[in-house]
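Thanks for coming, everyone. Please put the structure up on the screen, and then we will walk through it together.

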Amino acid sequence: MPQNLGMGGIAVATNQIGLFSNINVINPASYGAIRLTTFDVGLYSNISTLSQTGSASQSNSNFRLSHLAFAVPVSKKSALSFGLLPYSERGYNYKQSINKFGGNASPADTNVTNYTYSGDGGLSKAYLGYGFGIGKNLLIGANVSYIFGNLKDISTTEIPGLYGTINSRIEESTSIGGLNYDYGVQYAIPVTDTKRITLGYSGSIGSKIGSQSSFIVSQYLNDANGNQQVAIDSVINKTDPKGKLVLPHMNRFGISFQSDGKFLVGADYSMGKWSDLSISGVNQGLQDSRTINVGGSYTPNINTIRNYLATVDYRLGAIYDETYMNINNTKVKRIAATVGLGLPLRPGNTSIYKINISAEVGKRGSLVNGLVKENYINLHLGFTLNDKWFTRYKFD
């Protein structure tokens with residue numbers, strides 16, 4: 001959610017932020033702190049630039065709905081939450097041109113071969129979760145989720161300088177669907193009546209979900225304008241038997257210090273067992289990931305009615321991520337800084353509203369050992385509603 005992303009993504013040890021009931025899917029134990037019916041919807045935009053030594057930089061952007069989540073209190077110390085979230089996404093498109101001159105090719109052969117690589121698709125997560133409190137300080141919760149979607153990777157080989165040359169295309173598609181389970185716990189240590197330290201843990205079970213892949217190798221011609229025509233032949237067209245995708249086991253640890261309605265600071269440490277990831281029994285050769293999130297939020301004066309800017313939540317954070325990718329014996333890392341705002345709107349009779357905005361500016365990868373470096377900006381916009389629903393009124 002944008003309210004957490006603006007603080008560097010800290011979430012394991014957070015529940016209420018700025019006296020608002022918030023839906024924190026990262027740790028379902030936080031649902032136990034929700035006191036009002038909560039609705040949260042958001043948008044996401046990404047702008048990125050890819051660069052590689054010896055190649056021209058490429059830029060792209062996308063825009064989509066990021067999340068839709070609800071939470072409804074069941075009792076004074078428990079709440080039910082459900083919604084739809086992104087789980088992962090795939091989107092890339094780049095081209096590599098190689099001159100055939102040199103090597104074993106004839107010196108007279110000056111034709112250029114273009115290799116293009118693209119991928120799209122993504123996985124979504126529909127979840128249902130429940131969190132409850134035990135005593136004054138302990139929260140426990142769990143989610144059951146259905147992860148589903150399609151992934152596609154395409155690579156082509158073309159020689160544009162030779163009209164009539166038969167080009168090749170390789171397309172691999174994977175359909176995925178299955179259940180996954182998350183769980184969490186939070187424990188609050190009171191410092192004063194309004195200040196507390198919260199310790200949190202959440203994890204994801206390494207579930208096995210269904211997957212099925214298809215593989216097509218085809219040949220085609222380009223027209224005079226360089227556009228692909230209908231395939232003239234399929235060299236290979238096969239669909240693999242249904243298999244299992246083994247998701248990694250995740251462990252997340254967090255700590256936060258909060259003064260109600262004033263400030264919140266915290267840090268998370270997460271580990272992902274991506275080295276166990278396999279599809280249809282084939283290990284994908286990934287490495288374990290490690291992520292550190294730090295950040296906080298500050299509200300100058302949440303109760304003032306004369307100075308709107310004093311009621312705004314100001315958020316700041318940072319992310320250090322050792323991703324699951326290791327290419328050419330080089331770890332792919334991500335470093336980012338985040339900023340955010342929580343903008344309260346005029347409350348209704350029983351409802352309160354807030355617009356949450358966050359931006360993440362960072363880089364992923366490097367230019368050493370032939371790797372690709374990505375500079376990116378992620379923008380998030382969210383709307384949060386807290387309201388009293390299902391209230392039984394009494395008449396005298």
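How many residues lie between β7 and β8 in their hairpin? Four: β7 and β8 form a hairpin with four residues between them.

Before I go on, some ground rules. This is a predicted model, where local features need pLDDT of at least 70, side-chain atom pairs count only at pLDDT 80 or more, and totals for chains, interfaces and linings use all residues. Residues are numbered from 1 along each chain as its sequence is written, and side-chain values use heavy atoms, with hydrogens and water left out.

Back to the strands. Helices (H or I, at least four residues) and strands (E, at least two) are DSSP runs, numbered from the N terminus. The chain has one helix and 20 strands. Strand β7 covers residues 167-190, and strand β8 covers residues 195-204. They pair in the antiparallel sense over nine bridges. Pairing here means that DSSP finds at least two bridges between two strands. In this pair, P190 stands opposite R196 in β8.

Strand β8 has another partner, β12, residues 250-259. Ten bridges join β8 to β12, and the two run antiparallel. Look for G203: it stands opposite N251 in β12.

Now the whole chain. It has 396 residues, and 40% of them count as buried. Buried means under 20% relative accessible area, exposed means over 50%, and partly exposed is in between, using a 1.4 Å probe and protein chains only. Next, contacts, meaning heavy atoms within 4.5 Å. Among contacts between residues at least 6 apart in sequence, 63% join residues at least 24 apart.

Let's zoom in on T38. T38 lies in strand β1, residues 37-52. Is T38 buried or exposed? Its relative accessibility is 1%, so T38 counts as buried. A polar atom of its side chain lies 2.9 Å from the backbone oxygen of L36. Leaving aside neighbours within four places in sequence, T38 touches residues including S21, I23, F70 and L385.

Next, M7. M7 sits in the loop between α1 (2-5) and β1. It is buried, because its relative accessible area is 0%. Which residue is 309 places from M7 in sequence but 4.9 Å away in space? L316, going C-alpha to C-alpha. L316 is also one of the contacts of M7, once neighbours within four places are left aside. Others among them are I17, L264 and S297.

Keep those names in mind for the cavities. A cavity is a set of points, on a 1 Å grid over the protein atoms alone, where a 1.4 Å probe fits but cannot get out; lining residues have an atom within 4 Å of a point. The structure holds two cavities of 30 Å³ or more. Volume here is the space filled by probe spheres set on the points, with grid points joined across faces, edges and corners. Its lining includes I17, L264 and S297, along with Q258, Y298 and D313. Strands β12, β13 (263-272) and β16 (289-298) each supply at least two lining residues.

Last stop, G133, in strand β5, residues 112-134. G133 and K76 are 57 residues apart in sequence, and 8.9 Å apart in space, C-alpha to C-alpha. Leaving aside neighbours within four places, G133 is in contact with K77, L138 and L139.

That's my tour. Over to you.

Note on methods: A polar contact is a pair of N or O atoms within 3.5 Å; within protein, one must be able to donate a hydrogen and the other to accept it, and residues adjacent in sequence count only if both atoms are side-chain atoms. On a 1 Å grid over the protein atoms alone, a cavity is a set of points where a 1.4 Å probe fits but cannot get out, and a pocket is an open set with protein on both sides within 12 Å along at least five of seven lines; lining residues have an atom within 4 Å of a point.
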